[in-house]
Structures are given as structure tokens and as C-alpha cells.
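Me: Could you walk me through this structure? I am new to it.

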Amino acid sequence: MLVKVAVLQLRTPARLSVARAQLEPLLNRAAKAGAKLIVTPEGTNILQRDRTRFEEEALFEDEAEALAWYGSQAKAHNVHLLIGSALLKRRSGKAANRSHLFGPEGDLRATYDKIHLFDVNLGAGQETRESHAYEPGDKAVVVDTPLGTLGLTICYDLRFPHLFRDLAKAGAHMIVVPAAFTAPTGKAHWHTLLRARAIETGAYILAPAQGGNHEDGRATYGHSLIVNPWGEIIAELAHDEPGVLLADLDLERVTSARTKIPCLTHDRAYQKP
């Protein structure tokens, strides 16, 4: 079964209306090229590190207008649309970093809240404490669609291979890694980690990324990728500019890779050190 997918690369600004204006022509390009599954990066709706400004601009998760536009785009283009994540306010206080999968009818099929939050200190003043602002998820998500089974992750989840293994064991043919990787960590680790997760799971990895210098002062790596189940990069945007990345995925490659190296069935209990 061949599935045409589109991975979108963005440079999301700090205002919702401007972010949608940037996304819309890329959605149009992907749909006209024949993509039936379109995936977007982490923070598709807004990227704003300043907490006060985020509170002023972002919408609450239960406000209808927070997601209605994305559903209407999926319906207009007759595609499955995964908004890699939308950053949403919650009534409980901390925000949500949440993926949303819309079906061709514009209906919301599934959501996933980022489990692993990016709390790091890279040195030279580059410190991030995502847990100060966001509530982590606690549930892995796999979604059956007519195009194949999707496993959902977000950005920093990439560094936790057991999550990917669980998604593959649950039947995921494709695992999506929407991201806003920092420029330093992207340069050092992005390609290697994505290829490793594909090899370990025998799944296609779809990695839509943020790229470039953003309005809120951050710099993200770009280089959106599609990796096949053998760990080969089959498509890449080798830059940090917004764009559309297309590929035809042969889901039989998933079965082939897992048959040749059936490591998903070879778990053994062992005593931890």
C-alpha cells in the first residue's frame, strides 16, 4: 500500500493569525501535490517563550476557535491532517503541548499530550524549563486510519526509545515526531536519533520541524525528514526555511523490516543494575 505524505516545515511566529497565514499556502501546496496525510511541527499555532505574552495571545483548549480552523482545512483538502502540536492554555493553569489529528471530514480523531518535557541546560545561557509552563501527558497514543496506523510523539520524546518501541509494538506503521529542536541540539543529534528510532522500530519516521530565527528569539534547526523502516533518509529539507516535503510510503516495507530483524518480539526480562 502506497501512501503519499507531506511533512511541513514552519517558522511559526508569535501571533495566531500570522501563524495561520503562513501555514495555509503550505497546506494548499501539499494537498495539490496529492498528499493524503499532512503533518506539521510542534507549536504550529504559536511559538512564544514569554509567559505573559503567551497568556495574552494563546487560546484555551476548550475554546471552539482554538482548533476549528485546522479542522476546516482538513475538510477542505479532504486529507488527514496532524497538527504536530498546538500550544494551548488550560483552565488548570499550566498549558498543553498537544497533537491533534483531524480526519477528511474535519472531525477530531485523536489527541496526544507531550509526555517528556524539555528541561535542559545547554550552557552559554541556553536553559529551558518546559515543565514550568506545560503539563505533561501520561498516555501513549496509536491511531488506526485508512492510511495506516500512526504513533504520536512530540519533539523531546525522541530521546526516549522505549516510547517508540511501545508504539511500534502497538502496531504503528508510521511514527510522527513534530519538533522545534534547538539549533545546537539539532545539528548534533537530529539525524542520528531519527534514524535510530526508525531502525529500532521498523517504522517510517515522519519528522516535521520548525526552522530558523523566530519572532520570540529562539533559533530552531529545521531539516525536516522522512526516514524509512531500514533507517534510510528518503526525503529531507536540507535547510531551515518553511517548505513542503513529499514522499510515497510503501507500508509493506514495515512488514519487511520487522520480518528481517524481528527485535520487537525478542524482549527478555533481566535484572536491572
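This is a predicted model: local features need pLDDT of at least 70, side-chain atom pairs count only at pLDDT 80 or more; totals for chains, interfaces and linings use all residues.

Me: Which residues touch the most other members of the largest nonpolar core?
Reply: They are W190, L194, L206, I226 and L249, in a core of 48 residues; such a core is a set of buried Ala, Val, Leu, Ile, Met, Phe, Trp, Tyr and Cys residues joined through side-chain atoms within 4.5 Å, where buried means under 20% relative accessible area, exposed over 50% and partly exposed in between (1.4 Å probe, protein chains only).

Me: And what is L206 in contact with?
Reply: Leaving aside neighbours within four places in sequence, the partners of L206 include V5, V7, L37, M174 and L249, with contact meaning heavy atoms within 4.5 Å.

Me: Switching to loops, where is H223 found?
Reply: H223 sits in the loop between β13 (219-221) and β14 (225-227), strands being DSSP runs of E with at least two residues and helices runs of H or I with at least four, numbered from the N terminus. Its phi is near 55 degrees, a positive value in a residue other than glycine.

Me: Is H223 buried or exposed?
Reply: H223 is buried, with a relative accessible area of 16%, whereas N78, which also has a phi near 55 degrees, is partly exposed at 44%.

Conventions
Residues are numbered from 1 along each chain as its sequence is written. Side-chain values use heavy atoms; hydrogens and water are left out.
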